[in-house]
Structure formats: C-alpha cells, structure tokens
Amino acid sequence: MRMTPKWMLPWVLACVTAACATGPRLAPAPGMQALNRNMVLLPGSYDPARGDGQPDGNSVLIRAPQGLVVFDTGRHERAFTGRIIAAADAWQLPVAAIVNSHWHLDHVSGNVPLRARWPQAKVYASPAIEHAMRHFLADSRKGIAARLATLPADSTEAGYARASLARIDAGPKLFPTDPVLASGPVRIAGMAFHLGLEKNAVSGGDVWLLDPSTRTLLAGDLVNFPAPFFDTACPRGWSEALGRLDAQTFDLLVPGHGAPMTHAQFASYRLAFDHLLACAAGEAAVADCAAGWERDLGPLLAANQHALSRALLDYYFRNVLRAAPAKRHRYCQAS
C-alpha cells in the first residue's frame with residue numbers, strides 16, 4: 001500500500017476543507033475526455049501521413065480557483081489550441097496559467113494564441129527552451145528555410161513550412177514567465193500541485209505535474225506512445241527519471257502522447273523502456289528489439305500503432321541508440 005507523502009498531507013486536508021471541486025463537473029467537448037471532476041484531456045495526435053505530418057501532444061485542462069491551468073498547449077493553432085480556447089469560453093473560465101512539460105513545439109506552440117487571449121496567464125516551464133532556441137531550434141529553422149526555398153510559394157507544403165518557421169520565430173512568447181528550477185510543491189492559480197523537474201531525460205528540462213487531490217500525474221513525453229522520442233534525449237537519464245515518477249503517489253498518469261494509464265500500467269511501460277535500452281545496447285536486430293517493445297507493452301500499445309512504432313524505433317536506433325557515443329550521449333548532462 002502506498003502511503004501519502006508528508007508534504008502532501010496539508011494540501012490534501014486543505015482540499016477537503018476548501019472543496020477543491022469549485023463547481024459542477026467540467027463538461028468535455030466532443031473528442032475530449034473527462035479525467036475527474038476538474039480535469040479534461042484533449043488528446044493529441046500523430047499521423048505522419050496527414051497534413052504536415054507534425055503531432056500535437058496531449059493537453060490537460062484543469063479547473064483551479066482562479067481559472068484554468070492548461071498543461072501543454074499543442075502545435076496547431078486552429079485545429080488544436082483553438083479547441084482549448086473554445087472550451088474555456090464554453091466554461092466561462094479564463095486561462096490563468098500554463099504549464100509546459102518541455103520545449104518541443106508540439107507542446108508549447110499554443111502558448112502564443114493562449115497568451116494573446118489571456119495576457120495575464122503565467123507560464124511555468126523549464127528555461128531549457130532558451131538554450132534550445134539558440135541551438136536545436138535554430139538548426140531546425142535553417143533546415144526548414146532551406147526546404148521552403150525549393151518549394152512553390154503557393155504550395156500546401158510551403159504553407160506548412162511557413163507555419164513551422166512562425167512557431168520558432170515566436171521566440172520569447174514561448175518562454176516561461178515563472179521558470180521551474182527545481183522540484184517541489186507550488187500553488188498555481190490558487191491550487192496546490194507538486195512540480196517535478198528532470199534535467200537529463202527527454203529535453204534537458206522536463207516538467208511533470210502531480211495533483212495530490214486527485215492523485216493524477218501529468219508526465220509529458222517522459223511517457224510516450226507509440227515509441228519514445230529520442231531526438232533530444234539522454235536515454236540513461238530518462239530511465240532514471242522514470243524511476244522517480246514511479247516513486248510518486250498517483251493512480252492515473254497522462255502521457256505526452258497516448259492514452260491515460262494506471263500506476264500498474266506505468267510500471268509495465270517503465271519495464272518496457274528499460275528492456276528497450278538493454279536491447280539497444282546488445283547485438284539483437286532492431287526488429288527483434290521492436291518486437292520486444294511491443295510484447296512488453298502488450299495492450300498498452302494498440303495493434304494499429306505497431307507499424308509506426310517500428311518505423312520510429314528503426315530511426316532512433318540508427319540515429320541515437322546505436323549511434324557513435326558522442327552522438328548517443330550528446331544531450332546527457334554531467335551529474
């Protein structure tokens with residue numbers, strides 16, 4: 001049996017006495033999912049064959065005493081972030097705060113329209129995005145601009161490229177107003193949470209959020225389907241971060257991409273992740289390692305996601321997990 005950590009007890013008691021449920025249950029719009037009385041999930045999507053082939057991460061909308069807290073804001077302004085704005089309008093609740101799990105554009109691009117609509121909204125995130133803007137995203141911008149120069153100006157692909165450039169060019173509009181520099185308890189929009197910071201996992205600064213009142217953990221891309229995204233990751237540090245997540249007291253975990261899971265299901269994910277890294281460190285064929293990933297996850301990985309999972313793992317084995325040590329450990333910070 002998991003005990004409630006001492007740091008949670010005052011908040012849990014306060015939540016009971018102050019009635020954390022500040023109104024009737026949030027009514028999710030079509031395509032959204034109610035997680036509990038005060039939380040709604042807007043599922044992201046990832047279909048490389050559709051549109052610009054770029055994903056939106058999951059977003060969770062949380063009703064707090066001072067308004068909505070939005071955990072991750074997606075990439076596409078109309079198709080995704082526009083739904084957050086429509087939901088806030090329907091509930092007649094302002095967006096009081098944003099929490100970004102990390103700086104990847106499918107999780108932070110929606111900050112721009114949300115902050116334009118609600119300029120007072122605070123943004124809690126790692127300052128790692130500032131380094132990324134000068135390096136990884138700057139390099140990405142050069143590649144996108146070079147491709148744009150080869151495309152017909154009126155083509156659909158050129159439109160997608162210009163939109164990608166605009167997201168990067170938003171610059172400081174994507175940055176936190178309240179940088180998360182360490183793990184610990186925090187009050188956001190009048191509600192008690194615990195924020196965790198992982199500096200050596202997916203992006204050099206990954207923030208997770210635990211709501212102790214509902215025992216709900218929002219993990220960002222620390223947990224991800226159909227396969228881990230290793231583009232800016234430190235694999236061994238990521239494994240250690242999953243161990244710290246496992247030590248938290250939660251019943252439900254929302255990943256950065258994919259469906260919510262129980263704590264027991266997360267334990268299966270963690271085991272699958274470590275088995276995948278062990279397989280990558282050996283001499284087994286990539287296909288065998290991918291099959292092991294599928295086998296370890298079982299029903300957590302939908303059958304219609306197997307092909308995409310194998311394609312992603314093939315890419316990451318070649319470009320990260322079995323790359324030269326300098327490239328494999330490029331994003332690993334010294335402890």
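**Exercise 1.** In what order do the seven strands of the open sheet lie, and what is the pairing?

*Solution.* This is a predicted model. Step one: read the order, which is E1-E2-E3-E4-E5-E6-E7. Step two: name the pairing, which is mixed. Strands of a sheet pair through backbone hydrogen bonds, either parallel or antiparallel.

**Exercise 2.** Find the edge strands of the sheet.

*Solution.* Look for strands that pair on one side only. These are strand E1 (33-36) and strand E7 (178-179). Now take E7 and its partner. Strand E6 (residues 122-125) pairs with E7 in the parallel sense, over two bridges. Go down to residues: Tyr124 has Asp178 in E7 as its bridge partner.

**Exercise 3.** Determine which strands helix H2 lies across.

*Solution.* Helix H2 covers residues 77-91. It lies across strand E2 (39-42), strand E3 (59-64), strand E4 (67-71) and strand E5 (95-99). Its direction is at about 20° to E3.

**Exercise 4.** Describe how helix H6 packs with helix H7.

*Solution.* Start with the geometry. H6 (residues 136-148) and H7 (residues 156-169) pack at an angle of about 155°, and their axes are 10 Å apart. Angles over 145 degrees count as roughly antiparallel, so H6 is roughly antiparallel to H7. The crossing of H6 and H7 is left-handed.

Next, list the contact residues. H6 supplies Leu137, Ser140, Arg141, Ile144, Ala145, Arg147 and Leu148. H7 supplies Glu157, Ala158, Ala161, Arg162, Ser164, Leu165, Ile168 and Asp169.

Last, sort the residues of this H6 contact with H7: eight are nonpolar, two polar and five charged.

Terms used
Residues are numbered from 1 along each chain as its sequence is written. This is a predicted model: local features need pLDDT of at least 70, side-chain atom pairs count only at pLDDT 80 or more; totals for chains, interfaces and linings use all residues. Side-chain values use heavy atoms; hydrogens and water are left out. Axes are lines fitted to C-alpha atoms, for helices over the stretch in contact, and angles run from 0 to 180 degrees between N-to-C directions. Helices (H or I, at least four residues) and strands (E, at least two) are DSSP runs, numbered from the N terminus. Angles under 35 degrees count as roughly parallel, over 145 as roughly antiparallel, 65 to 115 as roughly perpendicular and the rest as oblique. A crossing is left-handed if the near helix is turned anticlockwise from the far one by less than a right angle, and right-handed if clockwise. Contact means heavy atoms within 4.5 Å. Ala, Val, Leu, Ile, Met, Phe, Trp, Tyr, Cys and Pro count as nonpolar, Asp, Glu, Lys and Arg as charged, and the others, Gly among them, as polar. Two strands pair if DSSP finds at least two bridges between them.
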